[in-house]
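Subject: Structure handover

Hi,

Here is the structure I promised to pass on.

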Amino acid sequence: MGLTRGAIHNWPNELTTRQQDEVIGAAIRLGKITPEQAWELVKNDERQRDKRGQGDAH
């Protein structure tokens with residue numbers, strides 16, 4: 001995608017939803033991932049957020 005490891009290293013640990021959408025959209029556009037793979041990434045991220053939210057509630 002034209003990004004160096006150093007540039008990615010400076011990103012925050014968690015990207016905003018908008019940032020995630022932009023990265024995923026660029027990866028699809030550049031043929032790095034398929035829309036199906038993107039969907040799996042989104043579903044997995046939602047599961048992780050749900051687990052973190054449940055842990056915070058207890």
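Below is what I found in it, from the overall fold down to single residues.

Ground rules before you dig in: this is a predicted model, where local features need pLDDT of at least 70, side-chain atom pairs count only at pLDDT 80 or more, and totals for chains, interfaces and linings use all residues. Residues are numbered from 1 along each chain as its sequence is written, and side-chain values use heavy atoms, with hydrogens and water left out.

Overall picture

The protein has three helices and zero strands, in the order α-α-α along the sequence. Its radius of gyration is 13 Å, well over the 10 Å that the globule rule gives for 58 residues, so the protein is more spread out than a compact globule. (Helices are DSSP runs of H or I with at least four residues, strands are E runs of at least two, and both are numbered from the N terminus; the radius is taken over C-alpha atoms, and the rule is 2.2 Å times the number of residues to the power 0.38.) Along the principal axes, the C-alpha atoms fill a box of roughly 40 × 30 × 15 Å.

Surface and charge

Buried residues account for 12% of the 58, where buried means under 20% relative accessible area, exposed over 50%, and partly exposed in between (1.4 Å probe, protein chains only). The accessible surface is about 5,100 Å², with 52% of it belonging to carbon and sulfur atoms (Shrake-Rupley, 1.4 Å probe; for residues, only the protein chains shown count as cover). There are 9 positive and 9 negative charges, and their mean positions are 6 Å apart. Lys and Arg count as positive, Asp and Glu as negative, and His and the chain ends are not counted; the charges are placed at NZ of Lys, CZ of Arg, CG of Asp or CD of Glu.

The pocket

The largest pocket has a volume of about 290 Å³. Its lining has 13 residues, with Leu15, Gln20, Ile24, Leu41 and Asp45 nearest the centre. H2 (17-29) and H3 (35-57) each supply at least two lining residues, and H3 gives the largest share, seven. (A pocket here is an open set of points on a 1 Å grid over the protein atoms alone, where a 1.4 Å probe fits, with protein on both sides within 12 Å along at least five of seven lines; lining residues have an atom within 4 Å of a point. Points are joined across faces, edges and corners, and the volume is the space filled by probe spheres set on them.)

- Methionine 1 sits in the segment before H1 and is partly exposed at 42%; its C-alpha is 8.9 Å from that of valine 23.
- Proline 12 is in the loop between H1 (5-9) and H2, partly exposed at 47%.
- Glutamate 40 belongs to H3 and is partly exposed at 37%.

Cheers
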